[in-house]
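Good morning, and thank you for coming.

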Amino acid sequence: MLTTPAMALRFEVLARHNRARASRLTLPHFEAQTPLFMPVGTQGTIKGLTNDQLEDLDCQIILGNTYHLALRPGADLLDSMGGLHKFMNWPRALLTDSGGFQMVSLLHLADITEEGVTFQSPVDGKPMLLTPEESIQIQNKIGADIIMALDDVVKTTTTGPRVEEAMHRTLRWIDRCIAAHSRPNEQNLFGIVQGGLDPRLRDICLKGLVARNLPGYAIGGLSGGEAKDAFWRVVAQCTAGLPEDKPRYVMGIGFPLDIVVCSALGADMYDCVYPTRTARFGSALVPEGVLKLKQAAMATDFRPLDSSCSCMVCKRYTRAYLHTLVTKEAMGSQLVSYHNVAYMMQLSRDLHNSILEGRFAEFVQSFLQKQFPEGDVPEWVCSAMEVAEIDISMCCAPQSRIAKMQV
Amino acid sequence: MEFAVGACSGGARVGSLQLADGVQVETPGLLQLTQKGLPATIPPDMLLDLHPDARLCQFTPLHFLESPLSLIVARAGGIHKLSSLTGFGMVAVARDMLAESSNGEESSNSVETGQPIVGPEKYMDVVNACKPDLWVSLPDDVSPWVDEKRNRLSVDRTLKWLDQCLSLQNAEYGNRCLGVVVGASSVEERIRSAEQTATRNVAGFSLGGFGMGEDVAHRDLVMETVIANLPEEKLRHVCGLGLPEEILQAIGRGIDLIDSTYPFTLTKAGYAMTFPLYMESAPSSLEKQPAVEELAENGSDSAKINLRSVAYRLDEDQLVTGCKCYTCQRHTRAYIYNLMITRETLAQTLLEIHNTYHYLEFLKAIRESIKIDKFNEFRNWFTSKRHESRVLSRRAEEL
């Protein structure tokens with residue numbers, strides 16, 4: 001077992017409901033509350049929203065994509081300017097990913113070897129290599145509060161020996177990441193649990209990462225098209241296998257329903273482009289699900305997006321007015337983005353506070369009832385809630401009725 | 001609506017404009033452009049604190065002609081409520097300035113037929129539904145080089161429509177009409193239009209048919225003529241001008257309200273306004289100004305900097321040193337440069353905030369010069385600085 005690495009965070013569980021926890025995560029730049037959704041800032045900005053707006057919306061940790069930031073403005077430039085915090089003038093916390101996932105998903109001809117991720121430079125087509133060392137060095141220059149290890153990530157739909165190879169490599173790479181990390185007192189290196197959908201592989205990876213005694217852990221390799229029933233089981237296994245007293249981050253999760261389920265199973269942090277991306281298509285997040293503002297019916301709907309939302313957009317504007325904006329004006333998507341981020345941050349607060357105040361089960365029930373007024377809660381959610389030991393029977397219509405509806 | 005003229009200097013004057021809901025602004029004042037009631041990229045929660053003078057917006061009723069917007073604005077109870085801009089003065093103008101600056105379309109006449117796309121009844125339906133603080137009557141706008149016959153028709157028709165609009169206006173809101181004076185480049189027709197319009201019971205006047213590519217020197221003459229035939233004590237508005245020199249020229253002729261596309265067009269093209277605002281600039285800010293030749297190399301000049309230029313990649317200064325706008329108080333040129341080249345919409349928002357703020361400061365500097373009776377001095381100083389830098393830029397380009 002390696003010696004305890006330095007940590008730059010404090011994680012205190014304030015309250016529990018079975019597996020769910022409400023916690024305080026103290027990072028160098030900010031004290032956050034979990035469960036927490038972290039909006040994705042890609043280039044160091046969240047699609048059109050100003051820093052003041054992000055603070056008004058109670059955003060606590062923002063994600064930056066290392067791949068994009070290393071290209072523009074560049075890691076050395078950020079370093080010379082005192083890091084990404086100073087560059088974008090964001091006073092709260094930042095998290096950067098390793099850059100590996102984006103490369104594999106964005107770049108043609110990206111390939112993974114023991115050395116690292118090889119790819120063609122998007123600038124001039126030259127062959128390039130991102131090693132675990134380099135990923136960490138770049139992230140050290142960017143300066144985020146939380147940095148992610150470079151992992152060997154495979155699609156969840158992949159089967160066969162490749163999955164096992166990736167999991168073992170991830171464990172070898174974590175040691176290289178730890179060795180390369182030059183700022184452990186200021187930045188927290190999170191390891192990422194891989195292993196596809198195979199519980200045996202996940203277990204090996206869990207044990208290996210836990211043995212490294214990292215400040216925090218992520219559950220990776222999900223939200224890539226796998227069946228929901230497989231998805232929740234992996235999350236459940238991982239949260240059970242990760243230490244109680246460290247934060248758990250499920251990467252790439254952004255559907256409100258998924259966040260509620262994962263929180264019930266004991267996860268703490270989430271990130272996804274979904275809320276801001278879907279805003280650009282005119283879709284607003286509401287308790288009932290998704291409101292498609294471009295639909296003609298919205299033109300005569302004079303209600304706010306969400307009558308329970310207290311954000312600036314819901315207090316000022318009607319669906320009808322927003323409908324006329326989203327189809328034509330940039331301001332339309334900006335306003336819907338604003339609301340969607342507000343929605344996700346309200347969800348985060350609701351999760352944290354309901355656990356803290358001992359009413360988490362009621363919150364989950366009420367959430368599901370609004371999303372599934374007909375009682376057609378998906379099977380996988382029911383199974384997951386059973387494991388989380390939260391009674392949602394009152395949200396589910398009798399099986400026979402559901403069967404009739406599905407016909 | 002109340003308007004009172006204050007100090008004068010040269011042909012320029014300051015004034016005090018009082019609108020509903022306690023909105024009070026000093027003139028000459030700038031109208032911020034909006035699209036369907038909201039700015040292009042400045043979010044509504046940032047408008048109130050944008051600048052102390054940022055209290056006037058313009059919009060065009062032409063956007064609200066068709067359903068569903070026509071129904072939506074009526075249902076909301078007017079443009080202020082629709083766009084949630086209570087505390088702002090909203091002025092309805094008949095030209096879609098944002099579209100014009102984007103793609104050169106004049107929207108009160110159809111591009112295809114040259115005939116108006118809306119008549120006074122429909123126009124006033126929308127104006128009354130919008131309930132603006134001030135509204136411009138529906139003009140028959142023609143281009144500056146139109147023939148005599150068409151020009152005469154334009155003057156006659158505009159007067160006829162003014163009368164119709166006035167008869168259709170919502171009585172309980174009192175007098176909020178700005179009668180449009182047309183006449184294109186014909187001094188004769190301009191006088192006729194001005195004299196006739198002045199006999200109507202309007203709150204003020206809007207000088208139409210400018211900013212359409214007319215000769216600038218001739219515009220000055222025409223404007224002077226029109227103003228000479230309008231009552232002193234009523235408001236004067238002009239639409240369609242842009243550049244600082246054009247603003248100065250119009251104010252020098254006695255204009256009180258201006259809407260300008262300049263902040264918006266600069267923003268769209270990735271520029272930040274940087275021209276100096278005061279004759280006695282602080283020495284430190286003068287030192288910081290790079291040589292004009294250097295600016296020319298990156299597509300900038302003494303009035304604006306090109307944030308798409310790699311010259312700003314490492315520049316940790318504010319857009320304008322000492323500027324108190326939101327953007328300059330929080331962000332560097334390097335950050336904005338990065339937002340521009342990564343095509344983030346936040347770049348536009350931050351630039352629009354700064355450019356609007358800077359132009360509002362420009363208007364404030366103008367007003368201050370009028371109050372101390374140094375308007376002509378200010379104008380001469382400003383235009384000579386611009387001329388000098390243009391000559392130097394051109395030389396730099398030639399080298």
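This is a predicted model: local features need pLDDT of at least 70, side-chain atom pairs count only at pLDDT 80 or more; totals for chains, interfaces and linings use all residues.

Residues are numbered from 1 along each chain as its sequence is written, chains are lettered from A and ligands numbered from 1 in the order in which they are written, and side-chain values use heavy atoms, without hydrogens and water.

Let me turn to chain A. Chain A holds 17 helices and 16 strands; these are DSSP runs numbered from the N terminus, with helices being H or I of at least four residues and strands E of at least two. Along the principal axes, its C-alpha atoms fill a box of roughly 55 × 45 × 40 Å.

Of the 407 residues in chain A, 60% are buried. Buried means under 20% relative accessible area, exposed over 50%, and partly exposed in between, using a 1.4 Å probe and protein chains only. Among contacts in chain A with a separation of 6 or more, 66% join residues 24 or more positions apart; a contact means heavy atoms within 4.5 Å.

How much area do chain A and chain B bury between them? The figure is about 3200 Å², with 57% of it on carbon and sulfur atoms. A:Phe302, A:Tyr321 and A:Met331 supply 18% of the area that chain A buries against chain B, more than any other three residues. Buried area here is the accessible area (1.4 Å probe) that two parts lose on being put together, summed over both. To this contact chain A gives 33 residues and chain B gives 36 residues.

I close with the backbone. The peptide bond from A:Thr34 to A:Pro35 is cis, with omega near 5°, and A:Pro35 lies in the loop between strand S3 (31–34) and strand S4 (36–39) of chain A. In chain B, the bond from B:Thr27 to B:Pro28 is cis, with omega near 0°. B:Pro28 sits in the loop between strand S3 (24–27) and strand S4 (29–33) of chain B.
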